[in-house]
Amino acid sequence: MSESKVSQPIVIPTDFTHVVEKAIDHAVMIARQLNNSILFLHVVESEKDKAESDQKLQTLAERTQATLGIECAFETAIGSYFTEIGRVASTPYTIPVQVLL
């Protein structure tokens, strides 16, 4: 019997500080056990900050995928951390995310 990925990725909110590295380590362990992927999430206050966030998230996701072998995606949400983290974590992932292959 082959294992299949759980449709909901493990969401890692990030502020791009060194503290997120510990969260990545834990998420990778869980993702491997569940045969799951990781979604990096950063929340910005306005559209003008989205491009910079996307670039940082892409670098983080590519590095994580290349060094740790876990499928990664990323999303920049616009709004409040308090609402956006909960929204992303509770939404079944049917919306397109940027998946690195």
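Predicted model: local features only at pLDDT ≥ 70, side-chain atom pairs only at ≥ 80, totals over all residues.

Q: OK, so is Ser90 buried or exposed?
A: Ser90 has a relative accessible area of 57%, so it is exposed. Ser90 sits in helix 3, which covers residues 81-90.

Q: And how far is Ser90 from Val11, in sequence and in space?
A: Ser90 and Val11 are 79 residues apart in sequence, and their C-alpha atoms are 9.9 Å apart in space.

Q: Let me back up. What's the pattern along the sequence?
A: Going along the sequence, the protein reads β-α-β-α-β-α-β. That comes to three helices and four strands.

Q: How much of the protein counts as buried?
A: 36% of the 101 residues. As for contacts between residues at least 6 apart in sequence, 72% of them join residues at least 24 apart.

Q: Which residues have the most contacts inside the largest nonpolar core?
A: Ile12, Ile24, Ile38 and Phe40, in a core of 15 residues. Two or more residues each come from strand 1 (10-13), helix 1 (20-34), strand 2 (38-44), helix 2 (50-68) and strand 3 (72-78).

Q: Which element gives the most?
A: Helix 1, with five residues.

Q: What does Ile24 touch, leaving out residues up to four places away in sequence?
A: Ile24 touches Ile12, Phe40, Leu60, Thr64 and Leu68. There's also a second, separate core of six residues, with Leu39, Leu41, Val43 and Val88 among them.

Q: Switching to the helices. At what angle do helix 1 and helix 2 pack?
A: About 50°, with the axes 12 Å apart.

Q: Which residues make the contact?
A: Helix 1 brings Glu21, Ile24, Val28 and Arg32, while helix 2 brings Leu60, Arg63, Thr64 and Leu68. By type, the residues of this contact are four nonpolar, one polar and three charged.

Q: What about Val20, buried or exposed?
A: Val20 has 7% relative accessibility, so it counts as buried. Val20 is in helix 1, and beyond residues up to four places away in sequence it touches Ile12, Pro13 and Thr14.

Q: And Ser53, buried or exposed?
A: Ser53 is buried, because its relative accessible area is 3%. Ser53 belongs to helix 2.

Q: What is Ser53 in contact with, neighbours within four places aside?
A: Phe16, His42, Val44 and Thr76.

Q: Phe16, then. Where is it, and what's its phi?
A: Phe16 is in the loop between strand 1 and helix 1. Its phi is near 70°, a positive value in a residue other than glycine. With 28% relative accessibility, Phe16 counts as partly exposed.

Q: Why does Asn35 count as partly exposed?
A: Because its relative accessibility is 21%, and the buried class requires under 20%.

Technical notes:
Residues numbered from 1 in each chain as written. Heavy atoms only, no water. Core = buried A, V, L, I, M, F, W, Y, C linked by side-chain atoms within 4.5 Å. Buried < 20%, exposed > 50% of the residue type's maximum accessible area, 1.4 Å probe, protein only. Contact = heavy atoms within 4.5 Å. Axes fitted to C-alpha atoms, helices over the stretch in contact; angles between N-to-C directions. Nonpolar A, V, L, I, M, F, W, Y, C, P; charged D, E, K, R; others polar.
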